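Subject: Structure handover

Hello,

Here is the structure for you to look through.

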Amino acid sequence: MSTAAPTTTSDPSPASLTLLATFIPPNPTRAWQSAPHPTLPILATCFADKTVRIYSLTSLPASSSSTTPSALGAPPASPTAPGASLEASKVSPSALLSTITGGHKRSIRTVAWKPPTSIIKGESVLATGSFDASVGIWRRFETGGYGVRGNNDELDISSTRGGGEHNDDDDDDEWNFSVVLDGHESEVKSIAWSCGGNLLATCSRDKSVWIWEEVGSGEEAEYETVAVLQEHEGDVKCVAWHPEEECLVSGSYDDEVRVWRDEGDDWGCVFRGRGHGGTVWGVAWEGVRGMEGGDEVAEGIRKRRAKWRERREKAGPRFLSCSDDGTVRVWRKVPKEREKQRPMSIIRSRDAGEEWVHESTLPKVHERSIYAVGWSDRSGRVVSCGGDGRVVVYEESWRVDDPATAGTTVNGTSAGDIAMDGADPPVNDDDPAGNGTKVEEQEDDLTDVATWKIIAQVEAAHGVFEINHVAWARKPKAKQTQGGNAPEGEGELIVTTGDDGAVKVWDLNI
Amino acid sequence: MSEILNANPTIRNASDLPSRRPDSTIPTSSSGASQRYPPLGLFASTIPASAYLPDPFATATPSSPTSSISEEDSAPEPIDAQEIYDLIAPIADPEHPLTLGSLSVVNLPDIFLEPLSPGSPLTVLTVLITPTITHCSLATVIGLGVRVRLEQALPPRFRVDVRIKEGTHSTAEQVNRQLGDKERVAAALENGTLMGVLRKMLQGAEGGETAL
Amino acid sequence: MTDVQRFLLSINSDNQKAHSIAKETAQGIRILTPSAAITLTCEALQNKEKSLIDVVESLGEYINDEDNANRARTIEYLSQVIGSLPPAFLSRQQIQVLCQFLCDRIEDGGSIGGLKKLHAMERYNGEMATMTFRALLAHFQDLQLRSQAQRLQVYDLLNAMMSSHRRALRSLGEEAIVGITDLVANEKDPRNLMVVFSVLKVVMVEWDISAHAETLFDSVFCYFPITFRPQPDDPYGITAHDLKARLRACIAASGRFAPYAFPQLLDKLDSTSPNVKKDVLQTLTACATSYSLTTVSNYSVTLWDSIKFEILNVQEEDLAEEALKVLQAIANRLGQGLQSTDLKTPLATYLRPITKECNEQLQEPQHKQAKPVGQILSAIGIASPVAFYLIIRSVLPPLSTLYQGADSIAKQRALLEVLVQLLDSAIAVYGSPSIPAPKTSIDNPLTPFKDRLFELNSQALMSTAIEEVSFRVVALRALLRLCLLQNYLQENEIGMVVQYLDDIALSEGPVGRDDLRKEAIQALVQISRIKSHLIMNITFPAFLARLPDSSPPNHRDFLITLEGLAQISVDNFVADTLVRRLLNRLDVVLANDGSPAYPQAMLATIHYVLTRRNLEADPNLQTYFEKIVIALVTRVAKAASGQAPVTALNEEATLEILGRLTTLIIRALGTHKQSSVALQCYSLFTEEGSFSPAPFHEHVPGPCRSLMIVSTAVLAGLPATVQLEYAETDGASLESLLAELVRLALAEESLAVRQAILRQIGLLMNKFMSSTEISAATTTLYKLIAGIAETTTPMENAVRAVYWMSKALILRTVQIDEVLSRLLNLLTSSTSGASSARGFGLLLAPDEILSKDNGATIRLLAKQKVFNICTPRIAQGFRATDSATVKANYLIALSGILKYMPTEVIMQEVDKLLPLLLQSIDLEDSDVKAATIQTLTVISLESPAAVETHVGSLVSRLLKASSNLAVNGASVRLNALVCLRGFPGRVKDTTLLPHRNNVIRSLMAVLDDPKRNVRKEAVECRAAWFNMDEPQSD
């Protein structure tokens, strides 16, 4: 069997990914998704054998970004036959903290941590969505283990609980199954907690998105259905919450993305985004902070960049959607204040919806469907993974030359530049769902200010297996070496989850 | 099961189906081995094996403890379209006690194998299936049966795309989309009743004794 | 005391009382058993001591006793007395009296028995029978209320009277018919029904039942269909089948039933249960066969209309067959003795709707109904020449026009298949050279269509696209039948068919399956049986022309031709010509040299042909001996000694095939010839001094030594009693020859020649040496074993010699313990341990030279003995030693023994063997691993329980053996997968499930194995483990 060593593509992209660790259970089955904990250095991965495994990121081997990025990128990540002969060095069995089983009758497709802001001190809450059409809420009250001391952001892990497969039940990391949310008629595909942690969105093959509100807290928390949104015409594949507002985006089998908001009395679809040529497998929101810097340039460009930045502030965070058609699209909201000049309509017009525009498409690399995409709220970088076994990292940066002198950009990645205009113009044709207003003219000239480039890529990250999920994760501070020019807080990891049942943690070396 | 949709499909006779034929050329490059040739077809029964098999003691020489894996033994035989056809042709049709091969639902010319991209270890296998009638509601189940059989029988480096052949089915587009959705296929495999139907269909393929 | 009292007393349950009475009787008559009492009475009657009257009177007071039991027993006594009297004893008058007597008391138990016995008397006449019969009718109106046994007695009596006094009862006419019908009405018990049916059958067949046809029919048909299922422990063994057959016989008994039988049977035809339908159809066949012609013809068309559905929309295959039988029975009935093909005969009227419907069905676009139509037409066609004639006249013309118009190959094939079926019935009616057929005045209706059929099928076979294999196969079959049909095709037409078949047999390219070529060869074989000269004049020249004159370098197409020739030469005369032609061609080929494959194939063809003949009785045996053995062997000997050019014949492999031929022919020779051959087994029929054979000659060149292969073949063919060349005439005659052969064997490098010499040693020690000479030989063997380490010659040769000699002795079970223990000791030696371990594989291996047909003595017990001696020693030795190589030697030896050991022997010690076998899988030697895994597969199939305890380690080792290409050859990987695949379904699921995921995942890599057959096995194995039913979690 040919071992596909992950190699970075031929063109010398500025950064590279090195494999830090591989977590693989003894009898691995397909791993669907890994959710890094927002604050703690742990991640939860759900598998087809109806279990969720919690891995610790603290036991990663010291990776100093100062080491010269080996041209070959990470050493061969996936052994020839999973399970047959594992590369001892990369696998850290001690990383497995606990295994959650018995909650669901079929494969667990999705898992999500409750944001720390809303949970009582020292409690972890995990939600799991499964093919058995139910969503499970699991609680764990830590006394020891990966207990958190001190304030939230300072991660001082007193004692990491070592030991292999956790089956000593006297241990206190006891995940108990506190609530099951039944409502969906068929497989649950994706779940997400709102930024405040009080709302949980779930979506399923029955074409519906449900929004649950948590009532009460801790053990006696109850969940009420706040909304059942059924405007998608196909299996809803993914949901994601806006980083700040109570605004939800969903992607579906009907090739469309939809934005939902609580418009006072009821939840409704405010935007319906068409354009993708296949199932929308994943959506991800941008972090709050936009892009800075880049002022020391010619006057004209600086001004236009400032205007770009100002428009970005007003529009708020953008979101991405990745699809079966192999493309990743960036969507930006068009702020509404210009609406006001229009005559005041007495009855609140049906079109209270928002207007989002397909700002750009990331450079096309994936040859098969893209299953997941992640937007780092710290570095603003984007990572995508797909059926062709590739993991690709993109970065948005100012376009260096003036658009007038249209030429290839400095670092020669041809695909990157044309992304902005490219084949499919920012389409926002009039859609019946409401915001029928045409895009004003002056919007367009800002499109060439910023552009997306591929900065790192790994082939065959999980050997010949497809990669189902990728996410950014914070690098645990304890191990963070100060060397290298990584700016403070730049410590980021990429976590990939594949059909080979393995979870791989990568470090991005710039 | 609804009344039989296509009561009398045209059934192809077993001897017309494509099959692999042993070639009759002499393994010219039989290196070094004595000029003995493997059995002479019909006469193999009269010319016993010992006339060409190496003497049991020959392996005793301490120099080559492991028996010399004869060169013929290790010549790799790549997976080709005929092998794919042999895997799926014996699958039983859910409606008739016949196989997809004899019903011409799967045909050798509709099987395509090519690497994902030049030099990539991944191979894309495309199988086009031709339903017996244009509005056959079982097209999805047949497609699923073919995909499950191939995913179980082929190494993970294959990307299996099972699709309905152009212009042979009224709702080809929806069926193709369903068959292409890895997640829905995985979910379908966990549905007990559907798995029962599939297992019955594949029984033919494994046992190989369906009525051809 | 009268005998009757004795009889009563003895049966009387209160024995005490009986004894006391008996004692009082003066004459001291002992209390007798009932039968003894009866015999006493009979003797008394016979020697006239008593008269019948006395006996009857002695019954006196008991006969009217109110106690039924006593009355019954006295009558029982009387009937037993009558029963045991000789048939001629009683006079007519006496019988009359007794009969009257019993008839009056017919309801009492025992009187029926009496009457039955009385009826057997010679002088029992008609009116007595009528009297009894009337008594029966009078007294047994309510027969069904009585017990089954009583009813059976009545029926038995009735049956007996029907068989002996039928005319008397018949004369009663209506009274008898009605009486019997009422008597047997609504009988339920199967045993009784068997008798009832046979009685009724007689009535129905022989008596004039015109007035009562319906009542009689109803009395029987009410039982139809019989759904009786005997209880498992049914003592009387009456099956539903017997009952059905009897009932069927009744229904079919008389044509008068037709108006009731046919409609009611046809109603039952649309029952849902296939068994009932089958019963109906079989009954219809019985009726059609037995009813009269006119009756059957009245209903023939209605029957066809309701039966045709069963055939045209076939649900159950066997129901269609039964329906066809009905149609055939009707056609038979209507066609009996009919010679006229006139269209107004009942047969014609019957056939008209059938052929009309068949023609319509053939028009139907998809020709889906072609198959059933063909079945109908051929089933009826076979019935009689007239039927066949009528069918052909009305079906063939539309069939051929349809064929002409058919727009697709599939449609044409369906129509041709109908034609083939019609030709089958033609052969059944008009016969073929091998199938005789009754003479008929009606000439073959196919004759006018001969040219059309010939041309149509020839075109279908020869000018259709190559890929249309199944279509051309049907055309070929049709042509073959045309050739086989008695005097139908002309000689030249058959000749053309032979040419077509030759073209196909020779040139068929590798497309689809080679079914067509096989069919062509089979057809040629059948034609060679009837027209062998055609094969000689057409096929041989065509085939031989294809044979090259010199050996082609890189392809073996000649093989297809030679195989064809060999298969076709079934007829002796044809085979003989082939052998002669091949020998001539061989000379030509040997003249211009080339690769030996071709001459080898020619010799193999001759060998193949000769093995299928009884050579002993073959007239050409002598010529074969001269032209093959003498000619070729001397040629080879001359070439070896330089007097003739060396040809491919001298190649070792060719010599071996020539050797096979030589053995075959020598074995068939007479003993006198054989003994003269024996004297030249080394000089190989050459003149003195022209050729120096290997033994007893100094530095003999290679080519001459290779002739030892032929000498071995000669020795193999000779009987054990002959005197061999080089054998001294005194006592230990073969001693020196053996020593010489051993010397030669140790020195010989060439594998084939050494193998031949070793086999000669084996033959010598096993077959030719007498028991006295054998002991001398064993000392040479032991000396050889002892000196094995220091021999100068290459150590393997010594080991080989030792093991061949041991094999010869072991198969004769001579000094088996001594030989084996010495060999086992060799295993521990560091130098010769490894190769002697492999030697054990040779001991029991079947060898085609040292074999039973070649006269070797192979004791049945040899294998068991080797097993009993070696396994414990190996197991113990394996545990004792701790050196890895010695352990490996033991395991290799063990696998060598077990490879050819019968399964039941292995199973005796399976628990002891398993641990050893498991460790053998870890050895490096691929052959040993493959053999061990094979043994394990046999064990796991034979008794899964034995394997259960080791499942864990076995599965992991097999998984390792199925992957890791560098170490494991394809055969090891394949065997491992076959073994693994056998577990699900045999070994308990609970023990397998823990390993299930591991197996499925590790086999994923094997799916990418470079070898196709290993991949295929991996797929099957993985599917087997996949489908192990999941413990239902949800």
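In chain A, 4 strands form an open sheet in the order 10-11-12-13, with antiparallel pairing. Strand 10 (188-193) and strand 13 (222-229) of chain A are the edges, each pairing on one side only. From one strand to the next, the twist averages 25°. Strands here are DSSP runs of E with at least two residues, helices are runs of H or I with at least four, and both are numbered from the N terminus. Two strands pair if DSSP finds at least two bridges between them. For angles, axes are lines fitted to C-alpha atoms, and values run from 0 to 180 degrees between N-to-C directions.

Inside that sheet, strand 11 (residues 199-204) and strand 12 (residues 209-215) of chain A run antiparallel and share 5 bridges. Ala201(A) stands opposite Ile211(A) in strand 12 of chain A.

Some ground rules. This is a predicted model, where local features need pLDDT of at least 70 and side-chain atom pairs count only at pLDDT 80 or more, while totals for chains, interfaces and linings use all residues. Residues are numbered from 1 along each chain as its sequence is written, chains are lettered from A and ligands numbered from 1 in the order in which they are written, and side-chain values use heavy atoms, with hydrogens and water left out.

Chain A overall:
- It has 2 helices and 28 strands.
- Of its 510 residues, 57% are buried (under 20% relative accessible area; exposed is over 50%, partly exposed in between; 1.4 Å probe, protein chains only).
- Among contacts (heavy atoms within 4.5 Å) between residues at least 6 apart in sequence, 68% join residues at least 24 apart.

Next, strand 8 (residues 134-141) of chain A. 7 of its 8 residues are buried, so this strand is largely enclosed by the rest of the structure. Strand 7 (residues 123-130) of chain A pairs with strand 8 of chain A in the antiparallel sense, over 7 bridges. The two form a hairpin with 3 residues between them, and Ala133(A) in the turn has a positive phi of about 70°. Strand 8 of chain A also runs antiparallel to strand 9 (residues 176-182) of chain A, with 6 bridges. Gly136(A) is the bridge partner of Thr128(A). In strand 9 of chain A, the bridge partner of Gly136(A) is Val180(A).

Now the rings. The whole structure holds 26 aromatic pairs over all chains. Rings of Phe, Tyr and Trp (its six-membered ring) pair if their centres lie within 6.5 Å; planes under 30 degrees apart are stacked, over 60 edge-to-face, the rest tilted. Phe319(A) and Trp356(A) make a tilted pair, 5.2 Å centre to centre with 55° between the planes. Phe319(A) lies in strand 19 (residues 319-323) and Trp356(A) in strand 21 (residues 356-361) of chain A, so the pair ties together parts 37 residues apart in sequence. Phe319(A) and Trp356(A) are both buried.

Two arginines sit over rings. Arg53(A) lies over the face of Phe47(A), 4.6 Å from the ring centre. The charged end of Arg177(B) sits over the ring of Tyr253(A), 4.9 Å from its centre. The cut-offs are NZ of Lys or CZ of Arg within 6 Å of the ring centre and within 35 degrees of the ring normal.

Best wishes
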